[in-house]
Amino acid sequence: MLIATLSACMVGPNFERPELSPEAKFTRDDPGATVSANTVAGASQSFSTHRDVPGEWWELFQSQPLNTFVSLAVANSPSLAQSEAALRQAQETAYAAGGALYPTVTGLADFNRQKFAIGGGGAGQIIANISPIFSMYSASLAISYTLDIWGGVRRNIESQVADVQYAQFQVEAAHLTLTSNLLNAVIQEASVKGQIRATKEIIQVQERQLSILRTQFRLGGVDESQVLQQVATLEQTKATLPALEQALVVQKNLINTLGGFYPTQNVVQEFELSDLTLPRKLPLSLPSQLVEQRPDVRSAEAQLWAASADIGVALANQLPNFTITGNAGNQSAEFHRLFSSGTGIWSLTTSLSQTIFDAGTLNSERKAAVAAFDAAAANYREVVVSAFGDVANTISAVQKDAKALKASLAAERSAMKSLKLTQQQYTLGAIDLTTLLLAVQTYQQAKINLVQAQAARFSDTVALFFALGGGWWNRSLSAPNRVREPLTILSAVPPFNRRQTVPMSQP
């Protein structure tokens, strides 16, 4: 009862999550629905605070081959395997720290054989008839227990449990980064393929035009300079293809690499932007939910929690330390009599130790722990502010890029009509070659811009799911849901209030 009463006191602060500022909002006004365009990725999107982020949010793009590859990548990813191993390490370290709450019991068994001198007179003459060689057998249990009066042990356990939480959300951060990067790589691959296809279409148009010019040149209708100008334009367009083709190779290799596969392994099929469906109903978490959902915010919170507990450890190290040690066992000169009556031995020791002089070491360690907490608090605020900025940026991008796609579609259609009209006018001799080449170049750029704008709509949606935390709380196999903190250890840790950080408390 005395030990329980003494152990109820814990120095240092009880960690509480910092309060969210009233100014923590994504936008000043509620974001409305986006504009629509009659093309790939042109659907109107709307935001809803009543919709939650699915655990497998990538399935909203409605591509079964994509879903299959994401599952393969998650199972095969080296980065995920690394974070999972770090989580197991943090768990075992926390369990190891929990062992300090219990007594340490050590079993000892000794056999000692010794010879003593019997010559030289004096007392040696008295025991001359006794054998100078004797044996001693002993077996005992040693018990040592340090009273955690000031809660230093429990604060250390608290710090280790916070490290477990940090590792859990590092796993989820790795999972979210992997899945987001995979989708972006797939989208970028499809975008590059679309740009290559558009460039090849322009090359065909320019080759047809060159064929016409050469015919006209042979008939004397145009001079050679116009033919050479068209050749130069065609070759310039062809020169853009190798860079696009190299970008396509890079994206294909990136997709394989992210999944933990080698470039030569044909694991994933090629995608087109038309293979994906743009989600029309987008979830939008409440500001108060974002700090619960974002893995990077929760990781920063765990670091702040660990730093808070480390202050208690540093404070406890400055206070007296109480230790109880005991030994009990048997000792005999003959092995067969080791556990006979009368061979028992025991000892019990209670000790108190207190550092009297250490040149300010412990005090400086306490100040260092407080400074580490201040740094962790500043880091937490920075991560939270960045998280809100990410969501605000993605909301704006979803809205603005929808308008950009609509404008790009209108520009592409207008450029296509202009090119057809310009070709007809050139055939009739109403315009010169320079005007025609300009129309071709305008159509080429408009075609590529349209493909890029379509890809941007998909990428913006991926970015929104990333900014909202990826829905790990809706996946039963996510690290926080699958791997709980060590419950037997948590019983020794003070309650975790999630509102704000309070000043250090005294025992």
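**Strands, surface and charges**

Tutor: Strand β2 and strand β3 (residues 133-147) run antiparallel and are joined by 12 bridges. The model is a predicted one, in which local features need pLDDT of at least 70 and side-chain atom pairs pLDDT 80 or more, while totals for chains, interfaces and linings use all residues. Residues are numbered from 1 along each chain as its sequence is written, and side-chain values use heavy atoms, with hydrogens and water left out.

Student: Why is Val105 called exposed?

Tutor: Exposed means over 50% relative accessible area, buried means under 20%, and partly exposed lies in between (1.4 Å probe, protein chains only). Val105 has a relative accessible area of 52%, so Val105 is exposed. Its place is in strand β2 (residues 104-115), where Val105 stands opposite Ile143 in β3.

Student: What makes Val105, Leu141 and Ile143 a patch?

Tutor: Patch residues have over 30% relative accessible area and no salt bridge; nonpolar side chains (Val, Leu, Ile, Met, Phe, Trp, Tyr) are joined within 5 Å, like charges within 9 Å. Val105, Leu141 and Ile143 form such a nonpolar patch on the surface, with about 260 Å² of accessible area together. Accessible areas come from the Shrake-Rupley method.

Student: How do you know that the length of helix α3 (residues 78-98) agrees with its number of residues?

Tutor: The expected span is 1.5 Å times one less than the number of residues. For the 21 residues of α3 that gives 30 Å, and the end C-alpha atoms are 30 Å apart, which agrees.

Student: Which residues of α3 are buried, and what puts them on the same side?

Tutor: The buried residues are Leu80, Ser83, Leu87, Ala90, Gln91, Ala94, Ala97 and Gly98. They cover an arc of only 125° around the axis, which puts them on the same side of α3; the arc is that of the directions from the helix axis to the C-beta atoms. The face turned away from the buried side carries the exposed residues Pro78, Gln82, Arg88, Gln89, Glu92 and Ala96.

Student: Why is the contact of Lys238 with Glu207 called a salt bridge?

Tutor: A salt bridge is a side-chain nitrogen of Lys or Arg within 4 Å of a carboxyl oxygen of Asp or Glu. Lys238 and Glu207 meet at 3.7 Å, N to O, and the contact therefore qualifies. Lys238 lies in helix α6 (residues 224-258) and Glu207 in helix α5 (residues 152-218), so the pair ties together parts that are 31 residues apart in sequence. Lys238 counts as partly exposed at 30% relative accessibility, as does Glu207 at 36%.

How values were computed:
Accessible areas come from the Shrake-Rupley method with a 1.4 Å probe; for residues, only the protein chains shown count as cover. Helices (H or I, at least four residues) and strands (E, at least two) are DSSP runs, numbered from the N terminus. Two strands pair if DSSP finds at least two bridges between them.
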